[in-house]
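Q: I'd like to learn how to read domain contacts and salt bridges in a model. Can you walk me through one?

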Amino acid sequence: MADHVSERPQQSGAAPILVASNRGPVSFRTEDDGTLTLRRGGGGLVSGLSAIDDPNAVWVCAALSDADRTAARQAPDGRLDLAGHDVGGQAVRMLDIDPETFARAYNGVANSTLWFVHHLLYQTPVQPAFDADFRTEWAAYRAYNAAFAEALAAEAAPGAAVLVQDYHLSLAPALLRELRPDLRIGHFSHTPWAPPDYYRLLPDDVAAAVLEGILGADRAAFLTRRWALAFADCCEAVLGAQVDRSELTVTHGGRTTRLGVHGLGADAEFLRERAHRPDVDERLATLREAVGDRRTIVRVDRTELSKNIVRGLLAYRHLLRTRPEWLGNVVHIAFAYPSRTDLAEYRDYTAEVQRLAEEINAEFGTADWQPLILHVNDDFPRSLAAYRLADVALVNPIRDGMNLVAKEVPVVSDRGCALVLSREAGAYAELADDAITVNPYDVIATADALAEALAMPPAERADRTKRLAAAATALPPQQWFLDQLHALQ
């Protein structure tokens with residue numbers, strides 16, 4: 001891979017710990033007067049990194065918008081902290097990658113290819129078709145990963161620990177190792193990993209390059225043992241690598257990479273405090289007014305193809321068609337927030353969700369009962385309000401690396417909630433004992449599970465919720481991040 005990485009001699013920087021991810025901890029927007037304003041992000045990685053109190057730690061990320069690119073260009077070597085931006089304790093290096101290269105790498109390979117493979121989303125009679133356009137996108141993906149490798153090599157102190165995040169950056173560990181063999185490199189996959197037969201939909205050279213890219217790390221970590229073993233199976237099938245499944249190691253090309261499992265949990269302290277602020281109370285009152293004294297089934301998702309919202313709505317419709325005792329007595333609160341609207345498949349999927357929701361309300365709604373409340377505009381306080389109100393939480397993905405909603409609802413639920421959970425969610429590994437399990441493709445079985453959940457006695461529901469919340473918060477973001485760092489060092 002050396003031909004894709006700069007040949008100039010690398011000088012080490014001062015950072016003893018580095019994180020690399022596509023999205024960084026901050027983003028920018030351009031105001032009407034041309035000034036840039038900064039917004040800090042949230043999420044597990046931001047929470048996790050706050051556990052490091054080393055001021056020399058550096059987060060390397062990509063500029064995602066024109067405003068981000070302007071900020072990155074105006075900062076020395078893209079270092080936002082050195083340009084005077086308040087980026088929150090750590091240094092941030094934002095990469096101004098050519099917008100066309102970024103779009104091809106991000107939309108063409110990361111989100112339209114690797115994401116589809118790992119979540120088993122292709123309609124295989126027509127997709128994928130890896131043609132000349134794909135080869136252009138693949139070259140962009142390599143260039144994007146090389147830009148990260150070079151920035152990390154420039155910022156890292158001798159022997160530094162580097163934690164590379166996710167499927168956007170699967171080539172970066174090997175590219176970085178070529179530049180800086182002294183570094184301790186980890187890679188973490190936040191998605192599932194495809195089984196070998198499906199993984200081999202990828203062109204042979206691409207399938208091998210992605211695996212070899214991650215094997216450039218000293219340690220490759222996953223959200224569940226199932227995904228770690230699927231990765232190992234692919235290394236064995238595609239590369240002929242030696243795999244030790246009991247020790248969780250993969251040996252290939254004279255190097256051994258250790259595999260790790262870190263099941264990211266919910267941040268209980270943050271969620272419980274945030275869920276009782278006035279803006280959440282306000283939205284809770286509005287939802288209560290709409291629901292009345294009826295039972296509630298809640299789902300909160302992005303309109304991501306893997307989240308399986310359409311089959312969830314079909315299951316709710318089947319429940320209402322076959323169990324008349326629930327007519328007028330239950331409301332399904334479904335929040336489906338738009339995702340990846342630049343991809344046609346996602347726009348079509350969102351439209352299908354909205355069409356089906358309208359059909360359900362038209363078929364069953366009465367003058368004083370709206371059976372389905374659908375919101376497609378993102379509103380975090382309203383999501384927390386729905387968590388608090390939920391009698392039943394429906395989490396039925398086709399496939400999911402973890403699914404934090406399954407972990408968050410039990411943590412903030414006011415009266416306890418029954419969890420209907422797909423066996424294809426990573427969270428299933430930890431929550432299965434106290435959830436009602438479903439096959440995500442089986443609409444009738446999902447309707448049966450919803451009926452069972454709605455009828456669960458309050459005492460049992462409360463007991464299960466306590467146990468679910470304990471399991472869900474076993475590895476909060478800061479500990480999750482530190483565990484990876486310590487294992488790498």
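Q: How far apart do the C-alpha centres of domain 1 and domain 2 lie?

A: They lie 31 Å apart. The domain assignment, automatic or from a database, gives domain 1 as 15–264 + 481–488 and domain 2 as 268–473. Contact here means heavy atoms within 4.5 Å, and 23 residues from domain 1 and 21 residues from domain 2 take part. Keep in mind that this is a predicted model, where local features need pLDDT of at least 70 and side-chain atom pairs count only at pLDDT 80 or more, while totals for chains, interfaces and linings use all residues. Residues are numbered from 1 along each chain as its sequence is written, and side-chain values use heavy atoms, with hydrogens and water left out.

Q: What area is buried between domain 1 and domain 2?

A: Interface size is often given as the accessible area lost when the parts come together. Here that buried area (1.4 Å probe, summed over both parts) is about 1600 Å², with 54% of it from carbon and sulfur atoms.

Q: Which side chains meet in a salt bridge between the domains?

A: Side chains of opposite charge can pair when their charged atoms come close. The cut-off is a side-chain nitrogen of Lys or Arg within 4 Å of a carboxyl oxygen of Asp or Glu. Between domain 1 and domain 2 the count is one salt bridge: Arg226 and Glu424, at 2.8 Å, N to O. On the domain 1 side, helix H3 (99–118) and helix H8 (225–239), both DSSP runs of at least four residues, each supply at least two of the touching residues. H3 gives the largest share, six residues.

Q: Is Thr224 buried or exposed?

A: Buried means under 20% relative accessible area, exposed over 50%, and partly exposed in between (1.4 Å probe, protein chains only). Thr224 has 6%, so it counts as buried. Thr224 sits in the loop between strand E8 (219–222; a strand has at least two residues) and H8. Leaving out residues up to four places away in sequence, Thr224 touches Val261, Gly401, Gly426 and Ala429.

Q: How many salt bridges does a search of the whole structure find?

A: The search finds 36. One of them joins Asp218 and Arg255, with the closest N and O atoms 3.4 Å apart. Asp218 is in the loop between helix H7 (204–215) and E8 and Arg255 is in strand E11 (residues 255–261), so the pair ties together parts 37 residues apart in sequence. Asp218 is buried at 14%, whereas Arg255 is partly exposed at 25%.

Terms used:
Buried area = accessible area lost by both parts, 1.4 Å probe.
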